[in-house]
Amino acid sequence: MSRDSLVLHQNRPSFSDRLIKLLLQARSMAILTGAGISAESGVPTFRGPDGLWKTYRPEDLATPEAFAHDPRLVWEWYDWRRQLIARCQPNPGHYVLAEWERRFKDFLLITQNVDGLHRRAGSSRMVELHGNIWKVRCLREGAVMENYEAPLKEIPPHCPCGGLLRPEVVWFGEPLPVEALRQAYAAAERAELFFSIGTSAVVQPAASLPLVAKQCGAYVVEINRDPTPITPMVNESFQGAAGPILEELSQTLRRISS
Ligand code: BJW
């Protein structure tokens, strides 16, 4: 088998020697996460049979046009999601990634998730590409502030200045935060090892990051419950739940390192 052909693990994962060696020796690592890593915490994903987009139309709830048309409806949906997320706890997958940031000199966790669970698990070297559901932005002054009220007292909520507040998340058709995206591309370009975890890899520009990493020479590993458009191009693919696979990988590393 050539060095670049896909290693596919569908049942109990066994980790390739190359992956273990890179985890022990690589200096630079970047990780892209999506909704799947928080699924085991009880946060709904977007796509697939149980995904939010089965019940709700993104064009009604996750575009600037939808918010301009009906801010109350959009905020009702976000208020519901904020209440749901407030009851969720980080899971073993989040904790393993928080531990990994201490293993690598050059490390960046790039998340598309807005739920804040990575930070609650202890991750700090990270960027949130699609914003954060616990932040709001005043449409009059542009000020961004944290807001943990769940349920909200007022829907739609207003700033003390009287301006309408919106969730500080990235909706379809909106640009991603410039500095977060710059850091994400730079990390993907530098990475010796790149993990894509729990993302359907269909939403751009985040979905291009594993491909950028691969083109720049990284060993790309995917952990996802289902195959995705990037599965055929990664170096190693684990099909299953992220938490147990990451825990097993972490235990293997600890065993070897001790
Ligand atoms: C498990 C698991 C377990 C389950 N373990 N795995 C045509 C072609 C290309 C691009 C476009 C196009 N038409 C439009 C675009 C652009 C558009 C886009 O990409 N659309 C595609 C969908 C077609 N992108 C944008 O609009 C972006 N902006 C942009 O491009 O701006 C350009 C611009 C530049 C300058 C000026 C103006 C504009 C913005 C995208 C914003 C995405 N926003 C959302 C909502 C965020 C806020 C919120 O949460 O409310 O972000 S949509 C939603 O999708 C959310 C997610 O972050 C994002 C990605 O989803 P993710 O994380 O991958 O989740 P799922 O559900 O899709 O997948 C979960 C996976 O986990 C599944 O595969 C499961 O199998 C797996 N799983 N349990 C492991 N236990």
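Which element gives the largest share of the shell around the ligand?

A: The largest share comes from helix 2, with three residues. Helices (H or I, at least four residues) and strands (E, at least two) are DSSP runs, numbered from the N terminus. This is a predicted model, in which local features need pLDDT of at least 70 and side-chain atom pairs count only at pLDDT 80 or more, while totals for chains, interfaces and linings use all residues. Residues are numbered from 1 along each chain as its sequence is written, and side-chain values use heavy atoms, with hydrogens and water left out.

The ligand has 34 residues around it, and those that come nearest are Arg47, Tyr78, Arg81, Ser200 and Asp226; a residue is near if one of its heavy atoms lies within 4 Å of the molecule. By class, the shell holds 16 nonpolar, twelve polar and six charged residues. Here Ala, Val, Leu, Ile, Met, Phe, Trp, Tyr, Cys and Pro count as nonpolar, Asp, Glu, Lys and Arg as charged, and the others, Gly among them, as polar.

Domain 1 (1-42 + 90-130 + 176-258) and domain 2 (44-87 + 133-169) both give residues to this shell, so the ligand lies between them. The domain bounds come from an automatic or database domain assignment.

Some polar contacts (pairs of N or O atoms within 3.5 Å) can be listed. Glutamate 40 places a polar side-chain atom 2.7 Å from a nitrogen atom of the ligand. An N or O atom in the side chain of threonine 199 is 2.7 Å from a ligand oxygen atom. With arginine 225, a polar backbone atom is 3.1 Å from a nitrogen atom of the ligand. The protein buries 74% of the 1,500 Å² that the ligand exposes when taken alone, by the Shrake-Rupley method with a 1.4 Å probe.

The ligand takes up the space of the largest pocket. On a 1 Å grid over the protein atoms alone, a pocket is an open set of points with protein on both sides within 12 Å along at least five of seven lines; a molecule sits in it if more than half of its atoms lie within 2 Å of its grid points. Helix 2 (35-39) and helix 6 (71-86) are the elements that give two or more residues to the shell.

Note on methods
Polar contact = N/O pair within 3.5 Å; in protein donor to acceptor, adjacent residues only side chain to side chain. 1 Å grid on protein atoms, 1.4 Å probe; cavity = no way out; pocket = protein on both sides within 12 Å on 5 of 7 lines; lining within 4 Å.
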